[in-house]
Amino acid sequence: KVLIIMIKVVIVEPNKKPRVALVENKLSDLQAIVGGYIETIPARSDIILVCNEEGKLIGLPHNRTIHGEPIVGTFFLTASNYDGEFISLTDEQIKWCMDCF
């Protein structure tokens with residue numbers, strides 16, 4: 001039996017309002033959200049932005065600008081534990097993500 005671990009994230013698509021989603025914490029599922037290989041960028045000390053690593057190269061549409069850097073394509077926001085593994089966002093983190101994006 002395989003243990004399925006779900007995490008709560010905020011998904012941000014171009015030209016849309018952010019939304020909270022429960023997703024399977026599996027590389028293939030996370031890559032499907034961003035449409036390719038994943039790249040992680042710190043959004044805040046306790047929040048990670050995960051986007052498509054090749055998004056700019058393949059011409060994905062502009063989404064948001066973060067720390068002066070354009071982010072393209074769909075991305076999601078999550079948290080991580082001390083081992084660097086993705087974990088669910090807390091309610092406070094979700095509120096911050098929804099307010100900022």
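Predicted model: local features only at pLDDT ≥ 70, side-chain atom pairs only at ≥ 80, totals over all residues.
Me: With which residue do the side chains of Arg44 meet in a salt bridge?

Reply: A salt bridge is read from the distance between a side-chain nitrogen of Lys or Arg and a carboxyl oxygen of Asp or Glu, which must be within 4 Å. In this case Arg44 meets Glu92, at 3.1 Å from N to O. The pair links distant parts of the chain, with Glu92 in helix α2 (residues 91-100) and Arg44 in strand β3 (residues 38-44), 48 residues apart. Arg44 is partly exposed, having a relative accessible area of 23%, and Glu92 also counts as partly exposed, at 46%.

Me: How many salt bridges does a search of the whole structure find?

Reply: The search finds eight salt bridges. One of them joins Arg19 to Glu13, with the closest N and O atoms 3.4 Å apart. Another joins Glu24 to Lys26, where the corresponding distance is 3.7 Å.

Me: Are Arg19 and Glu13 buried, partly exposed or exposed?

Reply: Relative accessibility decides the class: buried is under 20%, exposed is over 50%, and partly exposed lies in between. Arg19 has 40% relative accessibility and therefore counts as partly exposed. Glu13, at 21%, is likewise partly exposed. For the other pair, Glu24 has 21% and Lys26 has 38%, so Glu24 is partly exposed and so is Lys26.

Me: Which residues touch the most other members of the largest nonpolar core?

Reply: In soluble globular proteins, nonpolar side chains tend to be buried together. In this structure the largest nonpolar core has 15 residues, of which Val10, Leu49, Phe75, Leu77 and Leu89 touch the most other members. At least two residues of this core come from each of β1 (6-12), β4 (47-52), β7 (75-80) and α2. A second, separate core has twelve residues, including Val9, Ala21, Leu30 and Ile48.

Me: Which residues does Leu89 touch, not counting residues up to four places away in sequence?

Reply: A contact list shows which parts of the chain meet at a residue. Leu89 touches Lys8, Val9, Val10, Ile47, Leu77, Thr78, Ala79, Ile94 and Cys97.

Me: Where is Thr74 found, and is Thr74 buried or exposed?

Reply: A loop position and an accessibility class are read separately. Thr74 is found in the loop between β6 and β7, and at 17% relative accessibility Thr74 counts as buried. Leaving aside neighbours within four places in sequence, Thr74 is in contact with Ile11, Val12, Glu13, Pro14, Ile33, Val34, Cys51 and Asn63.

Me: Where are Asn15 and His67, and what are their phi values?

Reply: Asn15 has phi near 60°, a positive value in a residue other than glycine. The place of Asn15 is in the loop between β1 and β2 (19-24), and at 76% relative accessibility Asn15 counts as exposed. His67 has phi near 55°, again a positive value in a residue other than glycine. His67 is found in the loop between β5 (62-66) and β6 (69-72); its relative accessible area is 64%, so His67 is exposed.

Me: What separation is found between the C-alpha atoms of His62 and Ile4?

Reply: The C-alpha atoms of His62 and Ile4 are separated by 33 Å, and the two residues are 58 residues apart along the chain. His62 is found in strand β5 and is partly exposed, with a relative accessible area of 44%. Not counting residues up to four places away in sequence, His62 touches Pro14, Pro70, Ile71 and Val72.

Technical notes
Residues numbered from 1 in each chain as written. Heavy atoms only, no water. Buried < 20%, exposed > 50% of the residue type's maximum accessible area, 1.4 Å probe, protein only. Helix = DSSP H or I, 4+ residues; strand = E, 2+ residues; numbered from the N terminus. Core = buried A, V, L, I, M, F, W, Y, C linked by side-chain atoms within 4.5 Å. Contact = heavy atoms within 4.5 Å.
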